Amino acid sequence: MRAADCAWYALRGLSERRGRAAGAAAGVAIAVVALSLALGLGAAFQRTFAEYLGRTLAANAVIVTNYAPGLTDGDLAILGSLPGVRACFGVSTAQALVATPGGHRTVTLIAVDAAHLPDLLGLSDLSGFVEEGSPLPRGLGAVVGSSVWQDQATGSKLYDVGNALAVSVDGRSLTLVVVGLARPFGFRTWISVDDSIFVDPEAFFTYVRGRRVYQAAVMVLEDPSRSREVVEAARALAPPRSSVFSPIAMVSQLGLFVSSLNAFLAFISVLSVGITALWIFDSTAISVVQRVREIGVLKAVGFTSRDVLLIFLAEAALISLIGGCAGLLLSLLAARLVHIPLFTIRIAPAITPQTLAASLAAPLLANVAAAAAPARAAARLDPVKALRYE
Amino acid sequence: MGMPLVEVRDVWKVYELGGARVLALRGVNLDVGEREFLAVVGPSGSGKSTLLHLIGGLDRPTRGSIRVGGVEVSSLRSDEELSRYRREYVGFVFQFFHLIPRLTALENVELPLVARGVDPRERRRRAMEALRIVGLEHRARHRPAELSGGEQQRVAIARAVVAEPRLLLADEPTGNLDSANARLIMGLFRRLIDELGVTVIMATHNLELLGYCDRAVRLVDGAVAGVYGRGELAKLAGG
Ligand SMILES: Nc1ncnc2c1ncn2[C@@H]1O[C@H](COP(=O)(O)OP(=O)(O)O)[C@@H](O)[C@H]1O
Ligand SMILES: [Mg+2]
């Protein structure tokens, strides 16, 4: 018997048990979706997590925020002197409005000491910060985030180096000069670089706020493993209405969430692989009993026992392939729709050829194994008894 | 009669049924010549089906020897050897037709060629030719349920001869047919013998059909109780 004929005959056999075959195929589809999402999500999270940890600030910092009244230089000195803290710097921010072709939009003015700007951005030096111009704000010169200087819809430049940039803060207007165009950062740090305008702290404290206060303090740690201890000390010593968080702790907490979600998906997929396999076993066994005389005929016209075995195994494999293809399409669809927002990052399941192959192979193997016992019984049927069977 | 196609020598078949022994065949001797149309008659339970199954390699005798065209069938042991023997030598026709309900007439006829790995175009051509011989090429696309009993049996006969076997084994082929259809099938067997050169062994208890046969063997309780040549068949048919 040729392989193609085996597949053809198996397909015709499935039409005999259409309902049960469709049910089993649906089970396979669920298993494939759950399995590929679990694998895809795990892989995506691990990659994003590793990337996040690779950025020194996230892995190695504790952040204290206090929007009003803000942190003072005295607060920074206290936070900076905590054990395990290597350095501490302040970040001042203010909401501002910028004129756009369609009206106004909100941006964040960020003022930070030039020496600490790379730490804040998660860069080793500032050479990668801008696409054009200077990376350092100076006087009224500002470095502008990409969604401010670039039209998001068309990509055309709204501002160029040397242009004046009018902003309005708390109803007062201020005209800055663009000295640098930041390159697009996307969701790469805990601050949104693209929606920000970086200004010189001296100018910020002169023209925007009358006082030297900071909305956030970034404490750079000597050792990431001490973050819990530093968080506790900072909570005790920071002024009232501050909040303290450690990006690494948040990441690992979300990691816990993702891994329990993963475990749940894996549980569902194992369950549906198992149930489907039982179903295939049952359906194949019923099919063998219903087709005893057919098996006798096949043997009488020259099919070997091995041919009969292969036909029933092929039926199980076909159910798996049909269900698997349906599951594959659903997985690709789900990968587009499903994502988990993690701070400013979206983790979407990455459906790679490997995860797809793994999630297709598992139900296929389980189902062929489940069909093996009834298929072997079919192959072993005595043709004389099968033909006499009423 | 020259060299016989089938030689059955002292064949016994014993079934063990929960301690009880059933002697289905008790020392049967029989020769069947090339292109012969042999009837095996006898009461129900006399061992006709058993004899056909043994000759067709579906089962193995408890004792004795069966040779078909030089092949010692009784010594074939493995499933592989028995399957190959059935593919090369034998076509079966059954009382209940045993067509596969979900396949069309043409696909049913193709099955023996599928087992032989014949490529699809070639086997379609040969299956159509076999359907033409039984006069049913216009029914090729029909499923068994859409055919009459007589038509179903003719499709089954096309299936039995499509791979050009030397031996056609028919077990009560007219048992489920009216007498007009039964005579049609007998005429068809005669034509297959003349046109394809097959040898037909038919188990039947319908004595009226013996007029179409060359010879008849009568089994009683698993043993040969009489052999009847052309001249004696009419007498047997009469009563
Ligand atoms: N698988 C079997 N197990 C036990 N006894 C059997 C089996 N097959 C047939 N027999 C017995 O063998 C005898 C011959 O049966 P069979 O060849 O079918 O006779 P016929 O075809 O002439 O009616 C009967 O007594 C039958 O009951
Ligand atoms: Mg019988």
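## Basis of the values

Accessible areas come from the Shrake-Rupley method with a 1.4 Å probe, and for residues only the protein chains shown count as cover. On that basis chain A exposes about 17500 Å², with carbon and sulfur atoms supplying 63% of it, while the accessible surface of chain B comes to about 9900 Å², of which 48% belongs to carbon and sulfur atoms.

The model is predicted, and local features need pLDDT of at least 70, side-chain atom pairs count only at pLDDT 80 or more, and totals for chains, interfaces and linings use all residues. Residues are numbered from 1 along each chain as its sequence is written, chains are lettered from A and ligands numbered from 1 in the order in which they are written, and side-chain values use heavy atoms, with hydrogens and water left out.

## Chain A as a whole

The secondary structure of chain A comes to 13 helices and 12 strands, where helices (H or I, at least four residues) and strands (E, at least two) are DSSP runs numbered from the N terminus. Chain A has a radius of gyration of 32 Å, well over the 21 Å that the globule rule gives for 390 residues, so it is more spread out than a compact globule; this radius is taken over C-alpha atoms, and the rule is 2.2 Å times the number of residues to the power 0.38. Along its principal axes, the C-alpha trace of chain A spans about 105 × 50 × 30 Å.

The domain assignment, whose bounds come from an automatic or database source, divides chain A into domain 1 (3–54 + 253–387) and domain 2 (87–218). The C-alpha centres of domain 1 of chain A and domain 2 of chain A lie 53 Å apart. Of the 390 residues of chain A, 50% count as buried, a class defined as under 20% relative accessible area, with exposed being over 50% and partly exposed in between (1.4 Å probe, protein chains only). Contact means heavy atoms within 4.5 Å, and among the contacts in chain A with a separation of 6 or more, residues 24 or more positions apart account for 78%.

Chain A carries 31 positive and 27 negative side chains, and the centres of the two sets lie 11 Å apart. In this count Lys and Arg are positive and Asp and Glu negative, with His and the chain ends not counted, and the place of a charge is taken as NZ of Lys, CZ of Arg, CG of Asp or CD of Glu.

## Selected sites in chain A

Arg20(A) lies in helix α2 (residues 18–54) of chain A and is partly exposed, with a relative accessible area of 22%. Leaving aside residues up to four places away in sequence, Arg20(A) touches Trp279(A), Ser283(A), Ile286(A), Ser287(A) and Gln290(A). The C-alpha atoms of Arg20(A) and Asp282(A), 262 residues apart along the chain, are separated by 9.5 Å.

Ala314(A), in helix α11 (residues 305–337) of chain A, counts as buried at 16% relative accessibility. Not counting residues up to four places away in sequence, Ala314(A) touches Cys6(A) and Ala10(A), and its C-alpha atom is separated by 14 Å from that of Val288(A), 26 residues apart along the chain.

## Chain B as a whole

The secondary structure of chain B comes to 7 helices and 10 strands. The radius of gyration of chain B is 18 Å, close to the 18 Å that the globule rule gives for 239 residues, so it is as compact as a globular protein of that length. Taken along the principal axes, the C-alpha atoms of chain B fill a box of roughly 45 × 45 × 40 Å.

Of the 239 residues of chain B, 55% count as buried, and among contacts in chain B between residues at least 6 apart in sequence, 67% join residues at least 24 apart. Chain B has 34 positive and 30 negative side chains, with the centres of the two sets 1 Å apart.

## A residue of chain B that touches chain A

Glu107(B) is found in helix α3 of chain B and counts as buried at 14% relative accessibility. With residues up to four places away in sequence not counted, Glu107(B) touches Trp8(A) and Arg12(A).

## Backbone geometry

Most residues other than glycine have a negative phi, and most peptide bonds are trans. A cis peptide bond joins Ala68(A) and Pro69(A), with omega about 5 degrees, and Pro69(A) lies in the loop between β1 (61–65) and α4 (73–80) of chain A.

In chain B, phi of Phe97(B) is near 65 degrees, a positive value in a residue other than glycine. Phe97(B) lies in the loop between β6 (90–93) and α3 (105–115) of chain B and counts as buried at 9% relative accessibility. Asp221(B), in the loop between β9 (215–220) and β10 (223–228) of chain B, has a positive phi of about 50 degrees although it is not a glycine.
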